[in-house]
Amino acid sequence: MNLIPSRPVYIRSWGSVVGKKEYEGPLGRQFDSHDVTDTFGKDTFEKTEAEMQRLALDAALAKGKYRPADITALFAGDLVNQCIASHYGLLPFAIPFVGLFGACSTAAEGLMLSSLLTGAYANRCASVTSSHFCTAERQFRYPLEYGGQRPPTAQWTVTGAGAFVCTSVREDFREYTGTYLPRIMDVMPGRMVDGGINDANNMGAAMAPAALDTLDRYFANGHKPEEFDLIVTGDLGREGSAILGDLSEAKHLGITEKLTDCGKRIYDMETSDIHAGGSGCGCSAVVLAAELLGGIADGTLRDILFVGTGALMNSMSLYQGQTIPGIAHAVHIRGEAKV
């Protein structure tokens with residue numbers, strides 16, 4: 001069922017940090033900061049990813065003129081073993097912390113939980129997530145030096161971090177420069193769905209059935225696809241998006257004209273050597289922070305359904321040949337006029 005926050009919840013501010021390849025893509029100028037070396041001054045890629053989370057949350061807090069003490073709880077996760085990028089990157093803020101693992105669905109999972117806690121008990125909550133191409137390759141596939149060939153279904157892990165601050169305090173918007181306030185109207189937690197895929201180079205196919213399950217349930221609960229400017233998955237890439245389109249047509253959901261995917265929006269799919277598109281926790285996080293919320297704020301977009309998709313596996317499950325369950329969490333964001 002759809003879950004509706006007990007009181008109005010808004011995304012007051014957001015921050016995005018990316019690497020060189022992402023900055024050179026079609027959304028490049030919309031990100032808050034980037035580093036052409038992909039290291040952010042650190043001597044390991046794991047430390048780099050932690051620094052990216054710190055920078056993203058710093059940016060989100062600064063835009064809302066918040067201090068860490070203003071935030072009731074912080075939800076965060078990443079792909080590095082036991083989510084150490086989140087732990088080390090966010091340790092200096094000393095905000096009560098809830099660790100998450102939702103794979104590439106973590107941005108939607110964090111927003112969903114932030115909105116529900118903010119809507120019921122807290123004035124403000126924040127969420128952060130990240131990924132880095134080099135940390136993910138080292139953990140899930142091969143050392144980069146190996147030079148293995150990537151099949152056409154493979155996706156490119158985004159080097160990026162996104163942070164979001166949810167608030168139930170309307171006075172927080174006094175100095176807000178946008179025309180519309182991004183309000184989280186309702187959310188839907190995903191169910192784990194196993195489509196029988198065990199190919200780590202075809203994450204889109206593994207996640208597409210979970211996206212279908214969430215969308216099918218969401219639109220059976222009173223909403224209609226025509227309400228939305230965009231139904232944004234993140235991140236199925238080219239392969240998974242095509243599968244989801246076929247599956248939704250078979251279900252007669254009528255959503256294909258509204259469907260788009262963060263993994264296809266962050267890079268130029270025709271000129272970038274990224275095969276099936278972008279992936280990683282940071283992919284949907286930075287697309288939401290850089291492009292989609294900006295569109296809500298300036299009125300270019302009115303209603304979006306943000307559906308974060310994740311592949312629930314680790315390197316051990318891959319070595320054992322297990323299949324890859326998927327999950328998809330939905331967050332409905334509407335632009336509300338300032339009064």
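Q: What makes the charged end of Arg-12 count as sitting over the ring of Phe-173?
A: A charge sits over a ring if NZ of Lys or CZ of Arg is within 6 Å of the ring centre and within 35 degrees of the ring normal. The charged end of Arg-12 is 5.5 Å from the centre of the Phe-173 ring and sits over that ring. Lys-21 does likewise over Trp-156, with 4.7 Å to the ring centre.

Q: What kind of model is this, and which pLDDT limits apply?
A: The model is predicted; local features need pLDDT of at least 70 and side-chain atom pairs pLDDT 80 or more, while totals for chains, interfaces and linings use all residues. Residues are numbered from 1 along each chain as its sequence is written, and side-chain values use heavy atoms, leaving out hydrogens and water.

Q: What makes the pair Phe-173 and Tyr-176 edge-to-face rather than stacked?
A: Rings of Phe, Tyr and Trp (its six-membered ring) pair if their centres lie within 6.5 Å; planes under 30 degrees apart are stacked, over 60 edge-to-face, the rest tilted. Here the centres are 5.1 Å apart and the planes stand at 85°, so the pair is edge-to-face.

Q: Why is the pair Phe-219 and Phe-228 given its label?
A: The ring centres are 6.2 Å apart and the planes meet at 75°, so this pair is edge-to-face.

Q: How do you know whether Phe-219 is buried or exposed?
A: Buried means under 20% relative accessible area, exposed over 50%, and partly exposed in between (1.4 Å probe, protein chains only). Phe-219 has 14%, so it is buried. Phe-228 has 1%, so Phe-228 is buried too.

Q: How do you know how many disulfides there are?
A: A disulfide is a pair of cysteine sulfur atoms within 2.5 Å. The whole structure has zero. For Cys-83, the nearest cysteine sulfur is that of Cys-281, 7.7 Å away. Cys-83 has a relative accessible area of 10%, so it is buried.

Q: What makes a set of residues a nonpolar core, and which has the most residues?
A: The set must be buried Ala, Val, Leu, Ile, Met, Phe, Trp, Tyr and Cys residues joined through side-chain atoms within 4.5 Å. The largest has 45 residues, with Ile-11, Phe-164, Leu-288 and Val-331 making the most contacts inside it. Helix α9 (residues 281-298) gives the most to this core, eleven residues. Helices (H or I, at least four residues) and strands (E, at least two) are DSSP runs, numbered from the N terminus. A separate second core of 31 residues includes Leu-79, Val-193, Ala-211 and Ile-231.

Q: Why is strand β1 called largely enclosed?
A: Ten of the ten residues of β1 (residues 10-19) are buried, so the rest of the structure largely encloses this strand.

Q: How do you know that β1 pairs with β7, and in which direction do they run?
A: Two strands pair if DSSP finds at least two bridges between them. Eight bridges join β1 to β7 (residues 160-167), and the two run antiparallel. In β7, Thr-167 is the bridge partner of Tyr-10. Three bridges join β1 to β2 (residues 33-35), and this pair runs parallel.

Q: Which strand does β12 pair with, and through how many bridges?
A: Nine bridges join β12 (residues 303-311) to β13, and these strands run antiparallel. Asp-303 has Arg-334 of β13 as bridge partner. Strand β13 (residues 326-337) has nine of its twelve residues buried.
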